[in-house]
Amino acid sequence: MHPLVFLSLALYLLSTVSSREVSEGQRGFSIDLIHRDSPLSPFYKPSLTPSDRIINTALRSIYQLNRASHSDLNEKKTLERVRIPNHGEYLMRFYIGTPPVERLAIADTASDLIWVQCSPCETCFPQDTPLFEPHKSSTFANLSCDSQPCTSSNIYYCPLVGNLCLYTNTYGDGSSTKGVLCTESIHFGSQTVTFPKTIFGCGSNNDFMHQISNKVTGIVGLGAGPLSLVSQLGDQIGHKFSYCLLPFTSTSTIKLKFGNDTTITGNGVVSTPLIIDPHYPSYYFLHLVGITIGQKMLQVRTTDHTNGNIIIDLGTVLTYLEVNFYHNFVTLLREALGISETKDDIPYPFDFCFPNQVR
């Protein structure tokens, strides 16, 4: 696969996880998404130029794709990619426990489990804040082996001795988290919105293949699976969430919205259904029909028009296409822009560039 030319786009994703009607008690709230290149991010480096940030973004995306080459998703001959938590593109703050403890975590739409590092910890990556201490929270509870969440997925299991529900979750790059599956009160928006008995992983053996910021304490799974944050909030938020991704040069705050006010209307607004593939329940798929370049449309050659063929992933900025489709795209783009010669000084990792002033 090859990356498309990098674009800074404002993208609005509305995810309706279920077709069930919104309950009368639906709640609405929003929280900030922190882009990794934002001054609010622990990854922020003021010395980087805009070009540096674009190239670094491309390198992270390409690394994720290459590291996922062994994934079973690659057995599907479709336009697709796999999420790997490599620092994450967006972070989010939330509060856990009673009294609430602030946590900063990677927001991930391509995984389900919510987890933070907990004490005592056998193997944990460094973090500036103290590990979450369950015994100090009055609302913490372990889940038992015979509980419904513990029997609903193959990442949960029971030990030979004891009745605690354990979990192990390995990501595409070999990073992993292991610990105990628990319930706890989760708070958002300076603790003004609370969801009790939220299922999460209390990680006691966590290994990231690449060092992440000491500010990050875990991952919030926003995928389509049953134990993601979105699925657990379910009826309370009408099974809906949305986010608006702004150009990285924007000074506006990026919002992750739940429940009320997630729908947008107006001139030019269009929608397309998200598809949940039962073989890969964590991912949000779309069915890509084609891409229009100038007056011509490049269509995806497929006989299956019901299943998804491309994944929407908050953690990856670039778009990836199947090799032949990508080459045909570049050919039509050259034709539309009147480009006949290839530049020799294309910056790595890109393989196609064009001047910002064309006919």
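Which backbone oxygen does the side chain of threonine 262 reach? Select threonine 262 and keep that question in mind.

**Before you start**

This is a predicted model: local features need pLDDT of at least 70, side-chain atom pairs count only at pLDDT 80 or more, and totals for chains, interfaces and linings use all residues. Residues are numbered from 1 along each chain as its sequence is written, and side-chain values use heavy atoms, leaving out hydrogens and water.

Show the whole chain. There are three helices and 19 strands. Helices (H or I, at least four residues) and strands (E, at least two) are DSSP runs, numbered from the N terminus. Of the 359 residues, 49% are buried. Buried means under 20% relative accessible area, exposed over 50%, and partly exposed in between, with a 1.4 Å probe and protein chains only.

**Stop 1: threonine 262**

Go back to threonine 262. The side chain of threonine 262 reaches the backbone oxygen of glycine 259 at 3.0 Å. That is a polar contact: a pair of N or O atoms within 3.5 Å. Within protein, one atom must be able to donate a hydrogen and the other to accept it, and residues adjacent in sequence count only if both atoms are side-chain atoms. Threonine 262 sits in the loop between strand S14 (254–258) and strand S15 (284–286). Its relative accessibility is 0%, so threonine 262 counts as buried.

**Stop 2: strand S14**

Select 254–258 and show side chains. Ile254, Leu256 and Phe258 point to one face and are buried.

Two strands pair if DSSP finds at least two bridges between them. Strand S3 (residues 29–35) pairs with S14 in the antiparallel sense over five bridges. Look for phenylalanine 29, which stands opposite phenylalanine 258. Strand S13 (residues 240–245) also pairs with S14 in the antiparallel sense, over three bridges. There, tyrosine 243 has leucine 256 as its bridge partner.

**Stop 3: tyrosine 90**

Select tyrosine 90, in strand S4 (residues 90–96). At 6% relative accessibility, tyrosine 90 counts as buried. Tyrosine 90 and histidine 35 are 55 residues apart in sequence, but their C-alpha atoms are 4.5 Å apart in space. A contact means heavy atoms within 4.5 Å. Leaving aside residues up to four places away in sequence, tyrosine 90 touches several residues, including Leu33, His35, Ile254 and Leu314.

**Stop 4: the core**

Which residues have the most contacts inside the largest nonpolar core? Select Phe200 and Phe258: they are the ones, in a core of 56 residues. A nonpolar core is a set of buried Ala, Val, Leu, Ile, Met, Phe, Trp, Tyr and Cys residues joined through side-chain atoms within 4.5 Å. Helix H3 gives the largest share of this core, seven residues. Domain 1 (29–259) and domain 2 (269–337) both give residues to this core, so it lies between them. The domain bounds come from an automatic or database domain assignment.

**Stop 5: helix H3**

Select 323–337. Why does the length of H3 agree with expectation? The expected span is 1.5 Å times one less than the number of residues. For the 15 residues of H3 that should be 21 Å, and the end C-alpha atoms are 21 Å apart.

Show the buried residues of H3: Phe325, Tyr326, Phe329, Val330, Leu332, Leu333 and Leu337. Then look at both ends. Glutamate 322 caps the N-terminal end, with a side-chain oxygen 3.2 Å from the backbone nitrogen of asparagine 324. Glycine 338 follows H3 and has a positive phi, near 70 degrees.

**Stop 6: backbone details**

Zoom in on threonine 98 and proline 99. The peptide bond from one to the other is cis, with omega near 5 degrees. Another cis peptide bond joins serine 119 and proline 120, with omega about 0 degrees.

Next, select lysine 197 and histidine 239. Which of these is buried, and which is exposed? Lysine 197, in strand S11, is exposed, with a relative accessible area of 71%. Histidine 239 is buried, at 5%. Neither is a glycine, yet phi is positive in lysine 197, about 55 degrees, and in histidine 239, near 55 degrees.
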